[in-house]
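Please keep the sequence and the coordinates in view while reading.

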Amino acid sequence: MIDIRGLVKRFGSFRALDGLDLDVGPGEVHGFLGPNGAGKSTTIRVLLGLLRSDGGEVRLFGGDPWSQAAELHRRLAYVPGDVNLWPNLTGGEVIDLLGSLRGGTADARRAELIDAFELDPTKKGRAYSKGNRQKVALVAALASDVDLLVLDEPTSGLDPLMEEVFQRYVDEFRDRGHAVLLSSHILAEVEQLCDRVSIIRAGQVVESGTLADLRHLTRTSISAELERAPSGLDALEGIHDLVIEGTRVRFQVDTARLDPALQAILPAGVRSLTSQPPTLEELFLRHYGDNLESTPA
Amino acid sequence: MTGTGTFLWTFLKRDTWMLLWWILGAAGLYIVTCYSIDQLYTTQQQYDEAAASMENNAAFIAMAGPPRALDTLGGQTAWQSTAFGAILVGLMSMFVIGRHTRAEEESGRDELLRASAVSRYAPTTAAVLVAAVANLLVGLLVSVSLTAYGLAAADSFGLGLGATAVGWFFTATALIAMQLTASTRSAYGIAGLVISGSYLLRAVGDVGNGVLSWCSPIGWYQAMHQFSGLRWWPLVLLLGGAGVALAAAYALFGRRDYGSGIIATRPGRPRARRGLLTGEGLAWSLQRGAVLGWAGGLFFGGLAYGAIGDDVKALIGDSQTSQDLFVQAGDDLVTGFYGTSILMLAVICAGFTIASALRPRAEEENGHLEVALATALPRTRWLLGHVLATVVGTVVVLAVAGLGLGAGYLLVTGDGDVAWSFTWPSLQYVGPVLVLSGFARLLFGLVPRWTALAWVPLAFSAVVMLFGELFQMPQWLMDVSPFEHLPMVPAEDFAWEPVIALVAVALALSVAGQIAFRRRDVH
């Protein structure tokens, strides 16, 4: 559904996208992962025909997103990361307006979604909180009969309960054979929802594949309190930064090597154990030597 | 009350510049009025003539107030400035109260402060004090300046402190309005209604038997008869009324929950009307408010010009400067004056048109455009919706301005044919006004970052209109203003050619802008 080859986009002398490749097929939730400023939103804007590409090839449903924008948009729905609603229109009016501009929505579906997201459609745009504005855009998008959802950091304002509702609807949408492009800078969110992931850095996709393919990228931090001092950990492959202080142990392990590591500490009698997934920041720091703190957003 | 002092200090610091402009503006109205009257009428005979023609003009009386002592500088000053001065201090009080009470509450900004060790009433009391001080400063500035100018001291203070008292009254009514609704906008609406209602009551009362004037705080203010037998007791009405309203506002404040209003929020439409569901419908729903507001404002502007009737001579006096400004064409004073007035209304209307043509840029900047264009709405169609709103809005605003002018003239003179000849010419300015909006659209398409430049041609045209003759600008320079290419109907004969040529230029600019927009990135 989305087919991008060697996409280049320049802003003045700055190359925001520098030969980017991206593939999304039907029945797939594709995570588009990268730090702020890596080019996620720029890619989406090119895909939506808002920005014109400076090089490479971009196909959306086999068409040209720039010259055929309006026509192609009948088949997709978009939820921006920071949803801005018209202050004088109510949520219900915005849902109807966007639905109608996309080619119409079914009333029953609309009512079901408003109910599921616990949205009050009679409030004016200016009175909604950030999370509620996002819900309006999500309901409008999910209520449309489209083949592709483009979601730019869609859950940044939602509470955990609503995030669950959101995930349910994304799963259902995918199971009907449709595709989702979901951009995010939160690794955990992408892990939960996506079938495939592309990692973008400085305008290029540096890794792409299924989550299993990308296991090598992730390391889990383990810290445990044991009954006896453990043995044999330092001999294992894939263990990093090992610290043993009497019966306490701290280390990081490549996620693919998690099982042998746990097997190694179990005989020592586990009293307590915490494990933490790596953050995107750690991941980038480790693999690409980026210091994300200093990367402009 | 704990914390009031802290709030007062913060508010004053935040508001220094805004308050300064309001105070100078309100006091300046009185002072400039006095000065310009003094310049306009140089002999007692001129005062007598002016008084004679104004005293019997019902439109003037409705606009300004009951005519008293119009053959004196003080009487003229009080008559011309009291009603508008009262509106200005009313608006100033309303905005000061609104921004520190309901607006803070609606945004939730002051929740943090309220959670600290301050009295529940502290922010409200501090806001009232800011408004009270601002109004007092306006009053003192008016009193001292007019006394220094040489007017009677007691009457000058009656004029100034009366304005202070009116301001206090509207401060208290604004505070009531802020308790009523949870939305700042509707609270401003209610407070504004109190001010405009007070003005209208006294307008009807002054023209009729005067009973309704006694129902209006502005009427009480004018009942002080400054410079025509000053009396102080109506001031008690104002102060008493302000006190009662303030007590009522505090009682309401004490009864309601934080963040809510006495009147429950009315829910909006859960479904959209059919008319909204297209790009054109969306553009119109965004621009409708501005069209109606400007049309209303220019209707009253036109009415004010028209209501001068045939008394043009008395109004502009014998000064060559004011004749150059107000009568820019023809030999006849009246048609020349109205030809110029219509031009001025058209230049003001261009303010609406440019703002309307820049609305798409605002939609782009605040992210609405992105949402709209991600649907099957084509760019060209989206922009065309806004272009239509601008063009229709411009025609409506110009037509209504002309209608107001014609209606005012008709009411005062009863001469339908002449009134009609003053009504329709406003529409010829569709040409130059749309040229300015076409330029704005070209900027939007080509260099969206520089759209603020769209205001430059309007500023230039206004300078040419006001000062072109005075500064003896060369003709080629004046010709840059699109307004200069039209005859000043009705003082001069109407011609189709320049109107058609200007509309063609506007169309070319607009189309170029739309093509450029189709080819550029949207941010």
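Axes are lines fitted to C-alpha atoms, for helices over the stretch in contact, and angles run from 0 to 180 degrees between N-to-C directions. Helices (H or I, at least four residues) and strands (E, at least two) are DSSP runs, numbered from the N terminus. The model is a predicted one, in which local features need pLDDT of at least 70 and side-chain atom pairs count only at pLDDT 80 or more, while totals for chains, interfaces and linings use all residues. Residues are numbered from 1 along each chain as its sequence is written, and chains are lettered from A and ligands numbered from 1 in the order in which they are written.

In chain B, the axes of helix α8 (residues 153–180) and helix α9 (residues 184–207) come within 8 Å and cross at roughly 145°. On the α8(B) side, the contact (C-beta atoms, placed from the backbone, within 7 Å) is made by Phe170(B), Thr173(B), Ala174(B), Ala177(B), Met178(B) and Leu180(B). Helix α9(B) contributes Ala187(B), Ile190(B), Ala191(B), Val194(B) and Ile195(B). By class, these comprise ten nonpolar residues, one polar and no charged; Ala, Val, Leu, Ile, Met, Phe, Trp, Tyr, Cys and Pro count as nonpolar, Asp, Glu, Lys and Arg as charged, and the others, Gly among them, as polar.

Further along chain B, helix α19 (residues 416–423) has Ala419(B), Phe422(B) and Thr423(B) as its buried residues, a residue being buried if 20 or more other C-beta atoms lie within 10 Å of its own. Because they cover an arc of only 105° around the axis, they lie on the same side of α19(B); the arc is that of the directions from the helix axis to the C-beta atoms. Their cover includes α12, α15 (333–357) and α18 (379–413) of chain B.

Chain A has nine helices and 13 strands, and buried residues make up 43% of its 297 residues. Strand β5(A) (residues 76–79) is covered on both faces: Leu76(A) and Tyr78(A) are buried on one side, Ala77(A) and Val79(A) on the other. This strand pairs in the parallel sense with β6(A) (residues 148–152) over four bridges, pairing requiring at least two bridges found by DSSP. Leu148(A) in β6(A) is the bridge partner of Leu76(A).

Finally, the two chains meet in a contact of 27 residues from chain A and 24 residues from chain B. On the chain B side, α12 (279–306) and α17 (368–373) each supply at least two residues, and the largest share, four residues, comes from α17(B).

Technical notes:
Buried ≥ 20, exposed ≤ 12 C-beta atoms within 10 Å, placed from the backbone.
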